[in-house]
Amino acid sequence: MAAGCGVVLSAWRGRAPLLLTEMLGYGWMAGAAVISLALALGGIFLTGSALVVCVLLCAGILVAAGLRKLWRGVKVKTGLRNARPVQAAAACLALLPIAWVGFHIFRDAFAWDGLSVWEFKARCAFLSGGSLPASFFSDPTRVRLHTSYPLCIPLTQDWYYLIFGKVDQTALRPVILCFFAAAIAILWSGLFRLTRSYWIAGIVSMLPLLSPVLSGDGLGFTQGYCELPLAAAYLAVVAGLWQWQEAGSEGAWNMACLASGLLPWIKQDGAILWAGAMAVALVAHKRQNWKRLVLFAAPGMLTIVGWKLALAVLHAPPEDTFDSFSLNLLVKNLPRLPIIVSALVQECAWTQSWNILWMCLPFAFATLLVRRGRAALIPIAAILCPLCLDLIPYIFTKLPLGFHLGSSLDRLIFQLAPVALLSIGVSMHAPCAKPMEADLRPASAA
Amino acid sequence: MRPRPTFLLHILNRTAPWLWAVALVIALAIRIAQRPDAQIALTSRSALSSVDSVLFQTLGQPAASERILSWLSASVDSRPLLVMLAPGNPGANQTAELISYLAWPRPVDLMIVPASVKERYVEAAQGRKYAGVCFCSLHVAPDPRTGIGIGPALTCASFSGPRP
C-alpha cells in the first residue's frame with residue numbers, strides 16, 4: 001500500500017489536490033502491480049530472502065519518491081473539510097458495503113478458480129522460494145489450471161505468504177477485501193469529483209449492497225476470483241478519463257494511464273478491457289494530441305506484448321479453448337451470435353444476480369446525454385465497447401456454447417458493473433460549473 | 001461545454017430525482033426478497049483452510065488436505081500421478097483439481113472414467129508411467145440442499161514400481 005501510494009503521489013500532476021480516497025484506492029492497486037512485477041522480474045535471478053529484500057528495497061524507493069512529492073507540495077485532502085455533519089455522515093455510507101463484504105470474506109472459503117487457478121499459483125511461488133519456476137509454465141499436465149494467466153493477483157498473494165513465512169489461506173482474505181475497498185474508494189472519489197455531492201457519492205457507493213453479485217453473495221469474488229480486481233482497475237481507468245475530460249485534471253489522466261497498464265497484468269480478459277479503455281481515451285481525448293494518446297496506450301501494450309513474449313520464452317503450452325480466427329469459421333459460426341446476444345440480455349435482466357442495475361443503465365445514459373452532451377459518450381463507450389468485444393470469443397469457442405456462456409458471461413458483465421454504478425450516480429446530478437479546487441479549499445479561504 | 005437548457009432538460013430535472021427514488025425502492029424490495037446463494041463456508045482454521053473446507057463439503061472428511069499430503073509425501077516415487085474422476089460431477093472435478101493442487105510439483109494427469117470400468121484403467125496404469133492413482137467419485141447420496149454427494153468417495157493407491 002505504501003509503495004502504491006508512493007507511485008500515485010509521484011504520478012499525480014496539476015494543481016488539483018489528491019483526495020485521500022483516491023490515494024488509497026489507486027495506491028492499493030498500484031502497490032499490487034508494483035510488488036507483483038518486482039517479484040516476477042526479481043524472481044528470475046533471486047529466491048528466498050534475497051528476493052524479499054530486493055522487493056522491499058524497490059518499495060522503499062517508491063515510498064521515498066512519494067514522500068518527496070508530498071514535501072514538494074502535492075496536497076492530499078479528505079474532501080470532507082467543508083462538509084456539514086449530515087453530509088459527512090452521508091459520505092461515510094460508503095463504508096457499509098466494505099463492512100458487509102468484510103463479513104462475507106471471513107465467512108466463505110476460496111473455491112473453484114479462486115483456489116485452483118489463482119491461489120494455487122501463489123502457493124507454488126511460495127514453495128519455490130518466492131517466484132514461479134519456468135517448469136510451472138511448461139507443465140502440460142496443468143494447462144487446465146490456466147498456468148498461462150498473468151501473475152498480478154497470485155504474486156500479490158505470494159507476497160503475503162512471504163511476509164508471513166508460511167502458506168496461510170486465512171491470511172489472504174484481506175487482499176480481496178482491500179481490492180473491494182479500493183473499488184469503493186475510487187467509485188466514491190469519481191462520483192464526488194464529477195457531481196460534488198456527498199449524498200450521491202455516499203448513496204451510490206452503497207448500492208453494491210443491493211446486488212447479490214456485487215456484495216459477495218453470488219458469483220464468487222469472495223471465493224478469490226479475479227473479476228473484482230479487474231473491475232476495480234477498469235473503474236479506475238474510466239473514472240480517471242472522465243474526470244480529466246470534465247474537470248481537466250492532469251493527475252486523473254495519469255492515474256487512468258497507470259490503471260490501464262494494470263488491466264492485462266491481472267487477467268487475460270484485461271486485454272479486452274484495455275481495448276475498451278483505449279476507446280474511452282479516444283472519446284475523451286477528442287484527437288487533441290496524438291502523442292498523449294500513444295503514451296496512454298504504452299503501459300497496456302507493453303504488458304500485453306511482454307507477457308506474450310514471456311510465455312513464448314517459457315514454452316508455455318497454448319490454451320485449447322478457442323479456434324484461431326478465420327473468415328470461414330466466422331461465417332460458419334455466425335448463427336451463434338443471436339444465441340450469445342440472447343444470453344447476454346437474459347443475464348442482464350436476471351434480478352436474482354443484478355437486481356435492476358442493468359435495467360436502469362439505459363435511462364442513466366439517456367439522462368447523461370441530455371445533461372452532459374458529448375461527455376456522456378465516455379461511459380457509453382466504456383460499457384458498450386468491451387461488451388461487444390466480449391461477445392466475439394464465444395463465436396470461436398471450442399467448448400459447448402451453452403456451457404461456456406453459463407460459466408463465464410456473468411463474470412464478464414461483472415467487470416463492467418462498477419462503471420455502470422458510476423454512470424448511474426453521475427447521471428443523477430447536473431454538471432458542475434465551478435472548479436473542483438473550490439470545494440477542497442480550507443473553510444477560512446472559501 | 002454544458003448543453004443549453006431545453007424543454008427535455010427541464011422535464012428531466014423535475015422528474016429524474018423521483019424516478020431514481022422509485023428505482024431505489026424497487027431495488028430495495030427485490031434485495032430483501034432475495035435469498036443468498038449457498039457459498040462454501042470456512043469450516044477449518046488450518047493453513048490450507050479453504051482446501052480443507054472445500055474437501056469437507058465434497059468428501060465429508062475434516063483435515064483432508066493433511067491426509068492427502070501425507071499420502072503424497074509417503075511416496076518417494078516422483079513419477080506422475082493419475083487422477084481419475086467420474087463424469088458429469090462438478091464436486092468430483094473440484095476434488096480432482098485439489099489433488100492436483102496438493103501434488104505440486106509432481107505432474108498430475110486427469111482422466112474422466114466411468115466408475116463401472118475404473119478397475120480396468122487402474123490395471124492399465126499400474127506399473128507404467130504413474131506413481132499412484134486416485135479415483136474421485138461422488139455419486140453417493142447427493143445432499144438435496146446442495147446437490148453434492150457426501151461420502152468417503154475418494155480412494156487413493158500408490159503403485160510399487162521401479163524408481164525413476
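Author: A residue is called buried if 20 or more other C-beta atoms lie within 10 Å of its own, exposed if there are 12 or fewer, and partly exposed in between, with the C-beta atoms placed from the backbone. The model is predicted, and local features need pLDDT of at least 70, side-chain atom pairs count only at pLDDT 80 or more, while totals for chains, interfaces and linings use all residues. Residues are numbered from 1 along each chain as its sequence is written, and chains are lettered from A and ligands numbered from 1 in the order in which they are written.

Reader: Which is R15(A), buried or exposed?

Author: R15(A) sits in the loop between α1 (2-11) and β1 (18-19) of chain A; helices (H or I, at least four residues) and strands (E, at least two) are DSSP runs, numbered from the N terminus. Because R15(A) has 12 C-beta neighbours inside 10 Å, R15(A) counts as exposed.

Reader: How many residues of α9(A) are buried?

Author: Helix α9 of chain A runs over residues 173-195 and reaches 33 Å from its first C-alpha to its last, close to the 33 Å expected, where the expected span is 1.5 Å times one less than the number of residues. This helix is mostly covered, and of its 23 residues the number buried is 22.

Reader: Which residue just after α9(A) takes a positive phi?

Author: The phi in question is about 55 degrees. The residue that takes this positive value, just after α9(A), is R196(A).

Reader: How are α9(A) and α11(A) oriented to each other?

Author: Helix α11 of chain A covers residues 227-247, and its axis lies 9 Å from that of α9(A), at an angle of about 15 degrees; axes are lines fitted to C-alpha atoms, for helices over the stretch in contact, and angles run from 0 to 180 degrees between N-to-C directions. Angles under 35 degrees count as roughly parallel, over 145 as roughly antiparallel, 65 to 115 as roughly perpendicular and the rest as oblique. The two helices α9(A) and α11(A) are therefore roughly parallel.

Reader: How are α16(A) and α19(A) oriented to each other?

Author: The axes of α16(A), residues 336-348, and α19(A), residues 377-395, come within 10 Å and cross at roughly 130 degrees. The pair is therefore oblique.

Reader: Which element of chain B gives the most to the side that touches chain A?

Author: In total, 40 residues of chain B are in contact with 37 residues of chain A. The elements of chain B that give two or more residues to this side are α1 (7-33), α2 (49-59), α4 (90-103) and β2 (108-112). With 12 residues, the element that gives the most is α1(B).

Reader: What pattern does chain B follow along the sequence?

Author: Chain B holds five helices and four strands, and of its 164 residues 34% count as buried. Read along the sequence, these elements follow the pattern α-α-α-β-α-β-α-β-β.

How values were computed
Contact = placed C-beta atoms within 7 Å.
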